[in-house]
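Dear colleague,

I am passing on the structure below, together with notes on what was found in it. Please read the notes with the coordinates open beside you.

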Amino acid sequence: MIEEKKPAFSRSWDPACLGKSRVSRPSRLFVLYSFTMEDGKIMERTLSIVKPDGVARGLVGEVIKRFETNEMKIVALKMIHMTKAQAQGFYEVHEERPFFGSLIDFMTSGPAVAMVLEGDHVIAKNRELMGETDCRKAAEGTIRRDFATDIEKNVVHGSDSPETAEFEISYFFNKFEIVA
Ligand code: UDP
Ligand code: MG
């Protein structure tokens with residue numbers, strides 16, 4: 001008999017469970033790359049966060065304007081203020097990095113704005129618009145080059161691959177909160 005394995009990929013921002021336990025990443029095996037073809041375009045979704053520094057400095061409108069003027073459609077949006085456990089789960093891949101503790105303190109230091117963006121090749125496009133992690137290396141005209149104050153306080157987060165996008169979107173949004 002073949003044992004059916006249940007995909008681990010069904011977690012969303014459930015207030016009942018968050019804050020109590022860490023949310024773990026799904027096994028790579030079960031992650032599907034979801035996109036749709038529309039007029040030859042590869043329509044994807046990605047997670048964007050205006051980080052606590054961006055919200056505190058009144059940059060939410062500026063960031064959203066850049067998305068909306070670049071054919072990136074907002075299909076979900078909410079304000080969040082992450083607990084340590086939520087931030088640790090979200091940035092689990094960086095757990096061993098020396099900056100992890102400081103990053104968690106920063107990401108839990110105040111409210112942030114989480115969004116799902118939809119558009120043609122939106123995952124890569126958002127990364128391009130954001131610029132490199134280190135604002136000193138980010139290209140002219142990118143969000144991080146224009147507004148980040150250091151490598152940590154770099155205003156925005158964006159998923160870096162289709163599988164990361166799947167995980168990160170479901171971390172904050174359930175399917176009823178995404179309005180296509
Ligand atoms: N970060 C940091 N120091 C580093 C690298 C990263 O403080 O040397 C922070 C920064 O806020 C970054 C986040 O950790 O945005 C996640 O790092 P990642 O390498 O995933 O960069 P991103 O995908 O955000 O460009
Ligand atoms: Mg990253």
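Arg136 is exposed, with a relative accessible area of 68%, where exposed means over 50%, buried under 20% and partly exposed in between, all with a 1.4 Å probe and protein chains only. Its salt-bridge partner is Asp134, with the closest N and O atoms 2.9 Å apart, and Asp134, by contrast, is buried at a relative accessible area of 8%. A salt bridge here is a side-chain nitrogen of Lys or Arg within 4 Å of a carboxyl oxygen of Asp or Glu.

Before going further, please keep in mind that this is a predicted model, in which local features need pLDDT of at least 70 and side-chain atom pairs count only at pLDDT 80 or more, while totals for chains, interfaces and linings use all residues. Residues are numbered from 1 along each chain as its sequence is written, chains are lettered from A and ligands numbered from 1 in the order in which they are written, and side-chain values use heavy atoms, with hydrogens and water left out.

The structure holds nine salt bridges, and several of them involve helix H2 (residues 60-68); helices (H or I, at least four residues) and strands (E, at least two) are DSSP runs numbered from the N terminus. Arg66 is buried at a relative accessible area of 15%, whereas Asp146 is partly exposed at 37% relative accessibility. Glu62, Lys65, Arg66 and Asp146 are linked in a network of salt bridges.

The buried residues of H2 are worth a look as well. Val63, Ile64, Arg66 and Phe67 are buried in this helix, and seen down the axis of H2 its buried residues fall within an arc of 155 degrees, so they line one face of the helix; the arc is that of the directions from the helix axis to the C-beta atoms. These residues pack against S2, strand S3 (73-80), S4, helix H5 (122-130), H6 and S5, with contact taken as heavy atoms within 4.5 Å.

Turning to the strands, eight of the 10 residues of strand S2 (residues 41-50) are buried, so S2 is largely enclosed by the rest of the structure. Strand S1 (residues 36-38) pairs with S2 in the antiparallel sense over three bridges, two strands being counted as paired if DSSP finds at least two bridges between them. Met37 has Ile42 of S2 as its bridge partner, and in the hairpin of S1 and S2, with two residues between the strands, Asp39 takes a positive phi near 50 degrees. S2 also runs antiparallel to strand S4 (residues 112-120), joined by eight bridges, with Thr46 opposite Leu117, and antiparallel to strand S5 (residues 156-158), joined by three bridges, with Ile49 opposite His157.

A polar atom of the Ser159 side chain lies 3.1 Å from the backbone nitrogen of Leu47, and the Ser159 side chain makes a polar contact with the side chain of Glu168 at 2.8 Å. A polar contact is a pair of N or O atoms within 3.5 Å; within protein, one must be able to donate a hydrogen and the other to accept it, and residues adjacent in sequence count only if both atoms are side-chain atoms.Finally, the largest nonpolar core has 23 residues, and those with the most contacts inside it are Phe172 and Phe173; such a core is a set of buried Ala, Val, Leu, Ile, Met, Phe, Trp, Tyr and Cys residues joined through side-chain atoms within 4.5 Å. S2, S3, helix H3 (84-90), helix H4 (100-107), S4 and H7 each give two or more residues to this core, and H4 gives the most, with five. A second, separate core of 19 residues includes Ile64, Leu117, Cys135 and Ile143.

With best regards
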